[in-house]
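I opened the model today to look up a few local features. My entries follow the order in which I checked them.

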Amino acid sequence: MKALIRKQLNRIKWGEMVADIYKQAFQNSFDGICVFNPQGEGLEINKAAQRITGFSAEEFIGETAKQALQKGYISKSITEIIIKTKKTVTEVISVRGVEILATGNPVMDENGHLKYIILNVRDISELNNLKLDVLLSIALRRKNEQLTS
């Protein structure tokens with residue numbers, strides 16, 4: 001009997017450890033992660049998504065993507081597209097003036113119904129700035145080559 005209880009306690013500890021690993025991975029991911037329910041209401045947002053989008057957890061949780069769109073916080077609702085199509089969507093959108101790359105994935109239950117929407121977000125404004133710098137460098141080099149030829 002004691003061996004059975006010990007085995008059950010070890011399973012509980014293992015389950016708690018795995019849950020903690022997932023929680024830590026979610027909160028400490030470099031990429032922003034947002035979780036929505038099938039109605040488009042925010043359920044959870046990690047620290048990176050808060051930094052990238054400017055939404056605090058208090059603002060995000062319970063707010064719908066449709067409301068954020070209506071308030072002008074977002075330029076397009078990836079979540080609303082997924083609710084309608086049940087398919088993965090990747091788009092460049094503006095969130096509070098910051099250009100981000102957003103990829104949303106539907107999570108389906110065993111009956112094929114939408115259970116969650118997982119949205120990964122990345123700030124691409126810095127990438128766009130670097131791209132602009134490269135293009136300007138190329139233009140200046142070509143201009144200099146024309147002047148010296």
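I began with asparagine 46, which counts as buried because its relative accessibility is 0% (buried is under 20% relative accessible area, exposed over 50%, partly exposed in between, with a 1.4 Å probe and protein chains only). The model is predicted, so I kept its limits in mind: local features need pLDDT of at least 70, side-chain atom pairs count only at pLDDT 80 or more, and totals for chains, interfaces and linings use all residues. Residues are numbered from 1 along each chain as its sequence is written, and side-chain values use heavy atoms, with hydrogens and water left out.

I placed asparagine 46 in the loop between strand S2 (42–45) and helix H2 (47–53). Helices (H or I, at least four residues) and strands (E, at least two) are DSSP runs, numbered from the N terminus.

Next I looked up its polar contacts (N or O atoms within 3.5 Å; within protein, one must be able to donate a hydrogen and the other to accept it, and residues adjacent in sequence count only if both atoms are side-chain atoms). A polar side-chain atom of asparagine 46 lies 2.9 Å from the backbone nitrogen of isoleucine 33. The side chain of asparagine 46 also reaches the backbone nitrogen of alanine 49, at 2.9 Å. Beyond its neighbours within four places in sequence, asparagine 46 is in contact (heavy atoms within 4.5 Å) with residues including Phe26, Asp31 and Ile33.

Then I turned to the sheet. Five strands form an open, antiparallel sheet in the order S2-S1-S5-S4-S3; strands pair if DSSP finds at least two bridges between them. S2 and strand S3 (89–95) are at the edges with a single partner strand each, so one side of each has no neighbour in the sheet. Strand S1 (residues 32–36) pairs with strand S5 (residues 114–123) over five bridges. Cysteine 34 has leucine 119 in S5 as its bridge partner.

Last, I checked aromatic pairs (ring centres of Phe, Tyr and Trp, its six-membered ring, within 6.5 Å; planes under 30 degrees apart are stacked, over 60 edge-to-face, the rest tilted). I found two. Phenylalanine 36 and phenylalanine 60 have ring centres 5.1 Å apart and planes at 65°, so they are edge-to-face. Phenylalanine 36 lies in S1 and phenylalanine 60 in helix H3 (residues 57–60), so this pair ties together parts 24 residues apart in sequence. Phenylalanine 36 is buried at 6%, and phenylalanine 60 is buried at 8%.
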